[in-house]
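Subject: Structure handover

Hello,

Here is the structure for your files. Please load it first, then read the notes below.

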Amino acid sequence: DSKNILPYTSERKRSPTSMNSQVLRLSLPSAKSMHSFFSAFCTEENIEQSISYIDRELTTLGFPSIYAESKGKELNLIAIINCMNELLTLQHKNLRAQEEVEMQHLKLGSDMDHLQNCYAKLKEQLELSKREIVGLQERDRQLQSKNRNLHQLLKNEKDEVQKLQNIISSRATQYNHDMKRKEREYNKLKERLHQLVMNKKDKKLAMEVLNYVGRADGKRGAWRTDKTEARNEEEMYKILLSDYEQRQKQLLLENAELKKVLQQMKKDIISLLPPQKQKPKERSEDGLVLSDQEEDVGELNKENMWELSCETVREQLTNSIRKQWRMLKNHVEKLDNQVSRAHSEALNEKDVISREDHELETEKLELEIQQCKEMIKTQQQLLQQQLTCDDDTTLLLQDCYLLEERERLQEEWRLFREQKKNFEKERKSFTEAAIRLGLERKAFEEDRGAWLKHQFLSMTADSKSENVTTPSAFLRSNLQLMSLLGSDPDIRLLKSASRQRKLSSVLSPTVSPEPCQISQYFTQKSVASEKLAGDKMPNLWVESDDKEETE
Amino acid sequence: ASCMQHRLVVRDASSLQILQLYSCLDHIQYIEWSSDSLFILCAMYKRGIVQVWSLEQPDWHCKIDEGSAGLVASSWSPDGRHILNTTEFHLRITVWSLCTKSVSYIKYPKACQQGVAFTKDGRYMAVVERRDCKDFISIFVCNNWQLLRHFDTETQDLFGIEWAPNGCVLAAWDTCLEYKVLLYSLDGRLLSSYRAYEWPLGVKSIAWSPSSQFLAIGSFDEKVRILNHVTWKKITELEHPATISSKKTIVYKEVEKSPTVDSERLSFPPTRALASSLFSTQSKYDISQVPVSLQYIKPVADRANPKVGVGMLAFSADNCFLATKNDNIPNAVWIWDVRRLKLSVVLEQLCTIQHFQWDPCQPRLAVCTGSSRVYLWSPAGCIVVQVPGEGDFQIMSLSWNSRGDSMLLLSKDHFCVCYLEREEV
């Protein structure tokens, strides 16, 4: 029997090393088979042998002998029980180790699966992209060949066009030649005809007039002489000259106008640019340029008075205008940048109004001040006028004017105050809005934190009903384990408890994981509900304990 | 003055009252007033005779007989005392003087569209000549018909010449097979030559602006190019596309108005007036919304002198507007603003434009399309004027009075005078 048993047990001992789950099954035989197995090992006949065998095994394993003394057949019950306990604990440890290894194995297996899946997917993707690349390359090639074809066609067309143009030009010259030939013939005919016509002169007068008509301008006709020819030439040149002079006058006027306009523009541009006194460092060049320009201005003014329009003066003027224009452009760009920056700043700090608004407001206020001052001046003038007038009327008038003025001023002041109030209101509203925004933001953050916490908690609550939404292979495999084990309530509960423990340890770091204490629960029968926060399991454990006890 | 067969009828312009009646020897083909409005010449080409009548002295007569030389054209000189006759086959131009009975000959004139041009002040005359297959231009002093200048032109086949209104520049352009415009000064120097492109058909029409500042060249490629008088370079190209999309252009479209009939006034048989008003279509102008697409005609490609390109060009008297007609879009008149060189108005008519002419005093354009209506445009707006009367009066051409207050409308065998009222100030 022992021989039969030995290989089986050694096989059993070797089981934890293999990765097959079926072996695991064998290592934890079912209750029934365990009974039969036990009976197979030790029977009535070979008690002594089995005891000695067991003793030997235990001693080889490092346990104390189960015999009471080194020799003798008395069994040390305590030792046996201790050994059993040790063996049990060992078994437990081994089982746990096995479990761990299994879990590890499962994890690795799932990792492997996952990696294999990823690998497969990536391979697919690679395949796909390779195919795409090939497709794109193909398309590219086709497009290139099309491009080449089109280029070829274009070249052909161009050649054809060139050819046609050559044909046209050659035909044109041919036509011209032919035309000239025909024209010469025609001319010859005309000459002939002319001769005939002149020869065949009618003797009668070609012109019949009742009486001569006076010339339109009343003068007499003049003989054709050289003097008249010279006079004709003279007149013609006079006409041409007068035309040119007129045109030149017009152009001079235009030039003068344009020069004036340019000067005006230059002055305006110079006045628009900011004054150069503040930042001599930055604008040292500009300052220099400006001083040059001012000199130029002086020069040009002088020169323009004499209306010189030589090349250098013109160039100077245009160059100076160009420089000024460039400076103005830069200045305007800088202002634009400043304004945009000010805008963006204003958006962040709403209690500070944008610079533009501020400037607008100040401008408005300045205008109002100006108007008020003017009004005061006019009033003073009127007052002085009144002093020279009649007393009664002056008094009356004064009253009228004063009343009017006063009313107007009051109106103005009212408006001014209103505007100021609005101004203040707006500023206040901006600050309030900013504050509100801050508060809202804080509230939002708090809400978010609370929601997240709630999410976590809800997830832990859900796990008990086995509708686990967290996709961890670890949990799924545990479920599998549960189904495999069957209906052992202790172990199931153990499993679920350990799972629960582990789950809680994974999900809520606040709860301290103590998986080793589970066995102690059973042995010590303590209710450890306080340790787990919000956990429903303790009640069950209590029940299970009770169940165990009853069993 | 109008002529009917061999009779010459002179009427008063404001009342159309017959003042004089003259009889000529043959059917009159051409009549022309002298510049001082004292004489009228009547040319009879078949007989080769020109008869001149005086308005002051109805008994005075003059007859010029070209004899076997034949007569192709006849015109007055600007001083009103000389008559230029072009003989058949353009053999010569004979200058007959009414003052001295002397004759001058100009040999080898060219048979082209505008071969003789007088300056505005009437001092000089330019004549195109052709000798040995080369073109020449001769400038004569009209006073004594002395040759001032004679020079050759670098043209293949000079087509026409025109003096600038200031009398100092002469524009000459080549045949339509070759785009070339040459500008000569009064003393015969070549000032500039302009060529826009080489092979396609070239210049179709040319017009000087009244101030001599611009020369508008209309060509067969449906564009008008404007040269300026300072550099003689192109300052702009005006295009005539079939679709107008610019928002600043006003498009006036002539639409037919259905005649309204008062049902009470209907009588049987219908009176003549009613009948004519029923059957003659009225029309009015509508403003079309931009973008507008005009009727574009692509002419037959294998005919000579195709109806393509800008065929009519005219500057307004105040130099502010330029009116053009693109023969590809024969129903539209394009009015350009010269100061901005942009298209300002397009008039789209129902029929083909026959003729248009600017009022010599104001910026007013009169257009006729062969229907019985004359169309007037001014910067204030445009109106349609129906020629009253029964039957069809198809206006083929029109001519403004030099005072600008009346207009002559000519159909094939009738004419009528349209009087424009002056606004009471």
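UniProt, in an unreviewed entry, places the feature "coiled-coil region" at residues 112-199, 241-268 and 355-382 of chain A. UniProt positions follow the numbering used here, feature names are shortened, and annotations may be inferred rather than shown by experiment.

Some ground rules. This is a predicted model, where local features need pLDDT of at least 70 and side-chain atom pairs count only at pLDDT 80 or more, while totals for chains, interfaces and linings use all residues. Residues are numbered from 1 along each chain as its sequence is written, chains are lettered from A and ligands numbered from 1 in the order in which they are written, and side-chain values use heavy atoms, with hydrogens and water left out.

Chain A

Residues 241-268 of chain A are 100% helix and 0% strand, with end C-alpha atoms 40 Å apart. Residues 355-382 of chain A are also 100% helix and 0% strand, and their end C-alpha atoms are 40 Å apart. Chain A has 14 helices and one strand (DSSP runs numbered from the N terminus: helices are H or I, at least four residues; strands are E, at least two). It has 551 residues, of which 17% count as buried (under 20% relative accessible area; exposed is over 50%, partly exposed in between; 1.4 Å probe, protein chains only). Of the contacts in chain A with a separation of 6 or more, 54% come from residues 24 or more positions apart (contact means heavy atoms within 4.5 Å).

Interface

The contact takes 46 residues from chain A and 50 residues from chain B. The buried area between the chains is about 4,600 Å², and carbon and sulfur atoms give 55% of it (accessible area, 1.4 Å probe, that two parts lose on being put together, summed over both). The rule finds three salt bridges across the interface (a side-chain nitrogen of Lys or Arg within 4 Å of a carboxyl oxygen of Asp or Glu). A:Glu235 forms a salt bridge with B:Arg123, with the closest N and O atoms 2.7 Å apart. On the side of chain B that touches chain A, E7(B) gives the most, with five residues.

Salt bridges elsewhere

Over all chains, the structure holds 34 salt bridges. A:Glu405 pairs with A:Arg408 at 3.2 Å between the closest N and O atoms. Both lie in helix H10 (residues 391-462) of chain A, three residues apart, about one turn of the helix. A:Glu405 is buried at 8% relative accessible area; A:Arg408 is partly exposed at 35%.

In chain B, B:Glu178 and B:Arg195 meet in a salt bridge (2.2 Å, N to O). Each lies in a loop between two strands, so the pair ties together parts that are 17 residues apart in sequence. B:Glu178 is buried at 19% relative accessibility, and B:Arg195 is partly exposed at 37%.

B:Ser372

B:Ser372 sits in the loop between strand E33 (365-368) and strand E34 (373-378) of chain B. B:Ser372 is buried, at 12% relative accessibility. Its side chain makes a polar contact with the side chain of B:Gln386 (3.2 Å).

Best regards

Conventions: Polar contact = N/O pair within 3.5 Å; in protein donor to acceptor, adjacent residues only side chain to side chain.
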